[in-house]
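Visitor: Please take me through the charged side-chain pairs, and through the parts around them.

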Amino acid sequence: MIRQDFQRVDPKRRATLDHKKKQFASPVYKQQDYPHRLNFYDVPPTAEITLEQFEQWAIDRLKILAEIEACSYRNKSATETAAHITPLLQKYLPLSSNTSSSSGAADQRLKNERQKDHYSHFILRLAFSATEDLRRRFVRAETMLFKFRFQLDDSRERRAFIESLNLDWESVSDEERRELAEKLANATPGLRRVDEESWYKVDWERVPELVERRAVLLSRGKAYVPGREQLSMIMAEFTARLERALELTSRALPRLDEDDRLTPILNHLSKNFGSAESVYSEGEGVVDGASITANNIDRLSQHFPLCMRNLHMTLRKDNHLKHFGRLQYTLFLKGIGLSLEECILFWRQSFKGFTDDEFNSRYKYNIRHAYGDVGGDVNRRGRGYPPYSCQKILSDSNPGVGQTHGCPYRHFSVDNLIGLLQATGVNDKEVLRGVREDVGKTRYHIACNRVFEWAHKADIKRVKEDGTWSQTDLDTIVHPNTYFKRSYLLKQMRKPTKDS
């Protein structure tokens with residue numbers, strides 16, 4: 001009896017596997033045809049792309065999102081933001097309308113643009129779903145990008161796109177509209193006649209922007225939205241879907257840990273959301289025709305960003321810098337075009353308290369190594385190390401006692417930072433107040449750009465008015481060598497080129 005009970009199997013728990021059938025079906029993917037310019041990014045991409053495309057497409061989109069965020073932080077108006085973003089979108093992430101396609105080549109270009117837009121969104125979704133802060137910032141920037149594109153879209157294409165979404169908006173009947181006519185008129189600012197509008201009712205949580213503006217009637221948990229506010233409803237729907245998708249993505253992230261190809265790229269992208277760091281090209285910070293010598297560094301330092309101005313001022317004061325400060329400054333000087341021979345001369349002249357033998361034995365090798373003149377595998381091509389980007393300086397270890405490397409906007413106390421800015425000539429109270437606010441919110445690159453724009457306000461205005469510089473020449477600075485080059489060219493009133 002005991003044996004029979006022990007051997008009995010509960011039929012509800014019996015496995016139903018059939019060896020004659022496949023237990024794991026092949027995945028079925030939805031083909032992406034991209035019939036519309038706009039995209040809610042509901043369906044993940046499935047076609048194969050190269051690792052180079054994976055990284056470059058993500059970097060290009062990241063540049064756009066970082067600029068959108070920077071415009072928001074700097075309180076630019078919608079018109080100013082549009083003027084700033086439009087040429088950057090055309091350069092890094094173009095997205096043509098269906099009406100622009102009239103040939104086979106144009107059709108392929110349109111498909112390639114939409115594929116890049118689709119893939120780059122999902123790549124960054126992977127990179128920025130790890131933390132709540134990254135998810136929040138990503139949603140905000142992507143929503144602003146979608147809104148910008150939505151407003152510029154062709155009206156017919158936009159209508160077709162909205163119809164394709166199958167949104168469950170409940171239309172308000174004529175009878176209900178008449179019953180609520182007075183309330184609708186009172187609750188909707190600027191409305192002339194209730195009967196001239198098409199009305200929808202949705203859960204009030206789906207239109208938080210309209211509720212916050214008190215632009216809709218709320219009744220029994222529903223918001224009564226006029227058709228003219230369709231944009232707000234679309235934006236709210238886009239945001240809600242993306243927030244839910246990011247939550248799901250964050251749960252799937254641990255599965256990517258085993259892929260040693262993608263994880264480093266995604267980590268690099270997420271760390272660079274604040275500044276959209278791009279790969280630094282050799283010679284990118286060099287100004288063609290500029291006289292960059294050891295004897296000119298003092299004069300040129302007026303064009304240096306605060307991190308390098310601080311290193312230079314400390315060097316002139318103490319006639320010495322510790323290792324990480326020397327390395328950071330040496331690579332910067334290399335990046336602006338100072339030759340190895342002139343760099344060795346600069347440091348030798350600066351280290352006045354050392355004999356030639358002491359300097360040669362303790363410091364000269366490191367300078368040559370940074371330039372790639374000596375060294376092992378890292379320098380085997382003779383290029384040495386690239387100049388540090390803002391993100392590299394921000395993410396490196398904090399400077400210790402007696403060390404001067406790093407970013408003053410991050411590593412200085414606010415009072416010491418303000419003191420350093422004032423010592424370099426920044427005396428505008430509004431600018432200093434903005435710097436305090438930026439630093440308090442960890443927007444270090446925004447604080448640096450704020451100071452740059454103040455210091456070059458007249459020059460920037462002039463090159464914009466005479467058309468010698470385009471908006472893409474004035475995008476957010478994310479590299480110390482870019483800061484120098486742009487400052488130098490603005491003061492010289494020279495147009496930036498690929499070679500200068």
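Guide: Asp396 is partly exposed, with 26% relative accessible area. The classes run as follows: buried is under 20% relative accessible area, exposed is over 50%, and partly exposed lies in between (1.4 Å probe, protein chains only). Lys392 is the partner of Asp396 in a salt bridge, with the closest N and O atoms 3.4 Å apart. Here a salt bridge means a side-chain nitrogen of Lys or Arg within 4 Å of a carboxyl oxygen of Asp or Glu. Lys392 is also partly exposed, at 33%.

Some ground rules. The model is predicted, with local features needing pLDDT of at least 70 and side-chain atom pairs counting only at pLDDT 80 or more, while totals for chains, interfaces and linings use all residues. Residues are numbered from 1 along each chain as its sequence is written, and side-chain values use heavy atoms, leaving out hydrogens and water.

The whole structure holds 34 salt bridges. Side chains of opposite charge can pair when their charged atoms come close. Next is the pair of Asp438 and Arg450, at 2.8 Å from N to O. Asp438 sits in helix 20 (residues 429–440) and Arg450 in helix 21 (residues 444–455), so the bridge ties parts twelve residues apart in sequence. Helices (H or I, at least four residues) and strands (E, at least two) are DSSP runs, numbered from the N terminus. Asp438 is buried, at 0%. Arg450 is partly exposed, at 22%. Both belong to a salt-bridge network that also links Glu430, Arg433, Glu437, Lys441 and Arg443.

Helix 21 turns up again at a cavity. The largest cavity takes four lining residues, the largest share, from helix 21. A cavity is a set of points on a 1 Å grid over the protein atoms alone, where a 1.4 Å probe fits but cannot get out; lining residues have an atom within 4 Å of a point. The volume of the largest cavity is about 140 Å³, taken as the space filled by probe spheres set on the points, with grid points joined across faces, edges and corners. Its lining counts 15 residues; Cys307, Cys390, Cys407, Tyr409 and Cys448 lie nearest the centre. Helix 13 (306–318), helix 17 (390–395) and helix 21 each give two or more residues to this lining.

Now the third pair. Glu229 bridges to Arg213, with N and O 3.4 Å apart at the closest. Glu229 lies in the loop between strand 4 (222–226) and helix 10 (230–252), and Arg213 in the loop between helix 9 (208–212) and strand 3 (217–219), 16 residues apart. Glu229 is buried, at 14%. Arg213 is partly exposed, at 43%.

Strand 4 has four of its five residues buried, so the rest of the structure largely encloses it. Strand 2 (residues 199–203) runs antiparallel to strand 4, joined by five bridges; pairing requires at least two DSSP bridges between two strands. Ala223 of strand 4 is the bridge partner of Val202. Strand 3 also pairs antiparallel with strand 4, over three bridges. There, Ser219 partners Lys222. Two residues separate strands 3 and 4 in their hairpin, where Arg220 takes a positive phi near 55°.

Last, confidence. Mean pLDDT (the predictor's confidence in each residue, from 0 to 100) is 85 for the protein chain, and 86% of residues reach 70 or more. Over residues 1–9, pLDDT stays under 50. Over residues 19–24 it is also below 50. Where pLDDT is low, the predicted coordinates should not be read in detail.

Terms used. Contact = heavy atoms within 4.5 Å. 1 Å grid on protein atoms, 1.4 Å probe; cavity = no way out; pocket = protein on both sides within 12 Å on 5 of 7 lines; lining within 4 Å.
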